[in-house]
Amino acid sequence: MTDPKPETPECAKQRQRALASWDTEGGAGPDGPQKQDPSGDPTTDTVSQSASNLQQLHIRVIALENLVIALLAGASGTQCAFARDMAGYIAPQPGFTPHPLTTHASHQMLNSIERAAQLRQRR
């Protein structure tokens, strides 16, 4: 398929705005769709959207982490042992250079399992 005319800068901006709205589910949040000023500077708008998206991602990760801990607190011993085993699977393989993010992720999983065990003991 051939494109009959070259893409203009305005078309590229419009496509980026459309894709950005898909990434943020149309801008919908807990209070409904958010209004965006169409006359705003696109560069500033993109930077503020990126910061906002990063903040929303951070909030979601915190919520998911706490949800996983709550679920692990009610899990059986077998399920908790399986979760511990999974932490070992993301650790560096023998003979490979350990990557700091991989190592940190493994430790974070084990920390979440320990936090869940503490919650289980309080019940």
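How many residues does helix 4 have, and how far does helix 4 reach from its first C-alpha to its last? Helix 4 covers residues 100-122, so 23 residues in total, and reaches 33 Å, close to the 33 Å expected at 1.5 Å a residue, where the expected span is 1.5 Å times one less than the number of residues.

Before going further, a word on what you are looking at. This is a predicted model, in which local features need pLDDT of at least 70 and side-chain atom pairs count only at pLDDT 80 or more, while totals for chains, interfaces and linings use all residues. Residues are numbered from 1 along each chain as its sequence is written, and side-chain values use heavy atoms, with hydrogens and water left out.

Now for the overall layout. The protein has four helices and two strands, in the order α-β-β-α-α-α along the sequence; helices (H or I, at least four residues) and strands (E, at least two) are DSSP runs numbered from the N terminus. Of the 123 residues, 11% are buried; buried means under 20% relative accessible area, exposed over 50%, and partly exposed in between (1.4 Å probe, protein chains only). The accessible surface comes to about 10,200 Å², with 61% of it belonging to carbon and sulfur atoms, as computed by the Shrake-Rupley method with a 1.4 Å probe, where for residues only the protein chains shown count as cover.

Let us return to helix 4. Its buried residues are S106, S112, I113, A116 and A117. Take S112: at 8% relative accessibility, S112 counts as buried. Leaving aside neighbours within four places in sequence, S112 is in contact (heavy atoms within 4.5 Å) with E65, I69 and L72.

C80, A83 and A87 are buried in helix 3. Seen down the helix axis, these buried residues fall within an arc of 55 degrees, so they line one face of helix 3; the arc is that of the directions from the helix axis to the C-beta atoms. On the other side of helix 3, T78, F82 and Y89 are exposed. M86 lies in helix 3 and, at 35% relative accessibility, counts as partly exposed.
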